Protein chains: 2
Amino acid sequence: MNDVPLEASLAYAHAHTEAFIEQYKELLRIPSIGADPAYRDDVRRAAEWIVAEMQRLGIEHAQVLDTAGQPAVYGDYLHAGEDAPTVLLYAHYDVQPVDPLDLWVAPPFKPDIRDGKLFARGAIDDKSGVFLHLKAFESTMVANGTLPINVKFIFEGEEESGSPTMEAFIEAHKALLAADVAVISDGGSSDETPRMMASVRGIVTGEVRVYGPKRDLHSGSFGGVVHNPTHMVGKMVAALHDDEGRIQIPGFYDDVVPVSEAQQALIAANEESAIADAREQTGLETFWGVPDYTYYERATARPTCDVNGIFGGYQGMGAKTVLPAEAGFKLSMRLVDNQDPKDIAAKFEAFINSFTCDTLKIDIKILSSSWSAETLVSGPVAQAVIDAYTATWGKAPKMERAGGSVPIIGMFQHVLDIPVTSMGLGHGSNGHSPNEYFDLEYFGTNIDTAIHFLYNMAK
Amino acid sequence: MNDVPLEASLAYAHAHTEAFIEQYKELLRIPSIGADPAYRDDVRRAAEWIVAEMQRLGIEHAQVLDTAGQPAVYGDYLHAGEDAPTVLLYAHYDVQPVDPLDLWVAPPFKPDIRDGKLFARGAIDDKSGVFLHLKAFESTMVANGTLPINVKFIFEGEEESGSPTMEAFIEAHKALLAADVAVISDGGSSDETPRMMASVRGIVTGEVRVYGPKRDLHSGSFGGVVHNPTHMVGKMVAALHDDEGRIQIPGFYDDVVPVSEAQQALIAANEESAIADAREQTGLETFWGVPDYTYYERATARPTCDVNGIFGGYQGMGAKTVLPAEAGFKLSMRLVDNQDPKDIAAKFEAFINSFTCDTLKIDIKILSSSWSAETLVSGPVAQAVIDAYTATWGKAPKMERAGGSVPIIGMFQHVLDIPVTSMGLGHGSNGHSPNEYFDLEYFGTNIDTAIHFLYNMAK
């Protein structure tokens, strides 16, 4: 299949860049905020827009597939022959909420080009992944009438909500999604160097609520005799870590093993730039955490436990002498290595339940969970990505370990039992903030990267 | 002065009860919410209404007196001779906020009579104290042309805010307010037994804020390396008490001494009824607190420390994996005996400052403070109150220790150096809740009580 002409594909893409950008705006106009039930119909409309575009391009079996949550989009083109690899191309078409709306210069769903940047919610995270793969497919198919490899597309609609129903969906569609390797295209680079995500951490999110009296009480009348739920929340949160930041949930670290050698080099290489970047982003000079590990190890290779929100009682101006009826906190634990999210969730629940007493009621909810994962950073598939970036961006990608979580990676690895590599498509910023944008100077570059990857995989 | 005819005063009051109720509605229509700056003009309007009414009744030196906060109202009538005692009559004309507004059957500032009850914000707490004292004065003056004792009226406009500027005001007006004894008329009874407040606790309220990074961060990127302000808040709150509820602020209990013998009997007498009442009000079966003391001792005679609110990060539905920039808590400590509020505030600040670290910024605000106080429960002044109740309600008042705080009592005792007794005027409920009401069956009864008190004090 090496005789399928790459140059013809690239030429088609270059000739149509402006038209592609115009078409991209159509998709960006659909407010597919997956986390907000008010946008349910818009999420489906975005899925249907993608299916229609797939059908127009000759992608087969294009369809909206229902999940227990937001719909997924599937399509395939499997005519490269049995010797050619089958690659599962993943991106997500749902987008982050837009709050705070008043900080947007132009409305988030009215795509607006300023200074060569295309501003719109989802422009870089992650309608770009969906759209640029489709345009790479179009460029190759129209120019050459065929594709050098077999591809399956799977586009998710609930990534920004933590993919709560995707594991069951993948289980139910194992045969349909079977492939040799999966490529995650989520987000892009924010500077002139392409990025490859070398690992993600797993996650367990949860919420604890502590209930006391049936209503808020006067602290003068009932202080000292009614157990205050905020005090219990304090005891629980305080007990999560020792004074140096070690997590105190019994058994929490049991399945943490040293990171692989391939990843250890990455950790050492990124230490200094990671700290410099953190100073910039946080405004802090002094960092924190378990002193036995370096900054970058703690940020990406060690598990964490953070309270995301704490609440109870009066929060307004001045004093109000209330003894609250209820208090609580939300937390997220980031997992590494062999830490099983279900096991960690159970250990967390046991830890919280150890605070059980006869004066308060404790309620625990696990909100989401996923496995940690390392992605391919060497070998032929990773090399196909590296070469595609190098050929189009003019430089090799930087391999980075992500502190965050991409649940779909662990699901592909654990349920489909296939390796996963990462190839973000796009160049821009503010993916979770106001004024998200795609830097259009790199719009064609990224389509080229996706085209190169298809040909590299055929080698 | 025993020849001033009590019966004539009572007859006047009885003949005018309906007219008094109509006039009371005028005062209740003024939304004098002292804690809310939006009602600043209304607070002053209420003060001016009272001054105008005082002038109409022949009360002398009637005037609005500015404080650093909300205005106070003063007036006096000092023509009973040097042998007659001078009594400082205290009440407050500011009222609680009205939230939640949608639970009110009728608007809070449109007085509404239903089933013999007058519903309005402030009806029982504490415009009743202001108005009924004035009507007792009117009934006595109009019927007899004189008063059996010397009286000074002082009506406060910031009681519901914790009287933050009243101590300085009293210092500045020591001579004007000089008296033999002060009578606190704040609130009333909610059943057919009159109540006398035998003690109040002191209070220190404060707020702690903990600041970390310059903005909320992604917990995946910065968990484990940036000190989370909610974790510090948890450590602080957890450290406030040991597992049995003993307050751990160093030196907190230093100046706590056993309660007086007169009060010890009250504590024992009220234990069972207090627990029964608490079950009703809280919905709880099991209570909490330092096991070395009885329920009623803990509720009224021991110091407390309660978090009134705790806050930080995400509080909405579901999960949001944020590492908050800021967290904090509000607390109120109830003081007893010789605990000096300034000393306790300093000890609290030292305790919080012991958590100082180089990864977070800690900010402490003391919001208000006042001394604990015991009021007169025996002796001639207390007896004058007891006899006034007994003559008009048909039963002796129940002496109760209040767990809450009435800062003005300690101010009168410490600044004016005079004893204080308590004589609540009113019968009703929901003073700090929607649908506050005065039970009109007792409207005349309470004016009678106030009239009897004037004559009893002359004996």
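Colleague: What rotation and what shift along its axis superpose chain A on chain B?

Modeller: A rotation of 180° with a shift of 0.2 Å along its axis does so, with an RMSD of 0.1 Å, where the copies are superposed by least squares on the C-alpha atoms of residues with pLDDT of at least 70 in both. That is the relation of a two-fold axis. The same surface serves both copies, as 98% of the contact residues of chain A recur in chain B. This is a predicted model, in which local features need pLDDT of at least 70 and side-chain atom pairs count only at pLDDT 80 or more, while totals for chains, interfaces and linings use all residues. Residues are numbered from 1 along each chain as its sequence is written, and chains are lettered from A and ligands numbered from 1 in the order in which they are written.

Colleague: How many residues of each chain are in contact?

Modeller: On chain A 66 residues are in contact with 65 residues of chain B, two residues being in contact if their C-beta atoms, placed from the backbone, lie within 7 Å. Strand β11 of chain A, residues 304-313, gives the most to the side of chain A that touches chain B, with nine residues. Helices (H or I, at least four residues) and strands (E, at least two) are DSSP runs, numbered from the N terminus.

Colleague: And what does β11(A) pair with over there?

Modeller: Five bridges join β11(A) to strand β11 of chain B, also residues 304-313, and the two run antiparallel; strands pair if DSSP finds at least two bridges between them. G309(A), for instance, has G313(B) as its bridge partner.

Colleague: Is V237(A) buried or exposed?

Modeller: V237(A) counts as buried because it has 26 C-beta neighbours inside 10 Å. The definition is that a residue is buried if 20 or more other C-beta atoms lie within 10 Å of its own, exposed if 12 or fewer, and partly exposed in between, with C-beta atoms placed from the backbone. V237(A) sits in helix α8 of chain A, residues 229-239.

Colleague: Which residues does V237(A) touch?

Modeller: Leaving out residues up to four places away in sequence, V237(A) touches V307(A), I310(A) and F329(A), together with T230(B), H231(B) and G234(B) of the other chain.

Colleague: Switching to helix α11 of chain A, which of its residues are buried?

Modeller: The buried residues of α11(A) are P341(A), I344(A) and F348(A). Seen down the helix axis they fall within an arc of 60°, so they line one face of α11(A); the arc is that of the directions from the helix axis to the C-beta atoms. These buried residues pack against β9 (202-211), β13 (326-335) and β14 (361-370) of chain A, whereas K342(A) and N353(A) are exposed on the other side.

Colleague: Where do the buried residues of α1(A) pack?

Modeller: They pack against α2 (17-28), α4 (127-144) and α14 (443-458) of chain A. In α1(A), residues 6-15, the buried ones are L6(A), S9(A), L10(A) and A13(A), and they cover an arc of only 95° around the axis, which puts them on the same side of the helix. The face turned away from that buried side carries the exposed residues E7(A) and A15(A).

Colleague: What about strand β3 of chain B, how many of its residues are buried?

Modeller: Six of the seven residues of β3(B), which covers residues 86-92, are buried. Seven bridges join β3(B) to β6(B), residues 150-156, in a parallel arrangement, with K152(B) as the bridge partner of L88(B).
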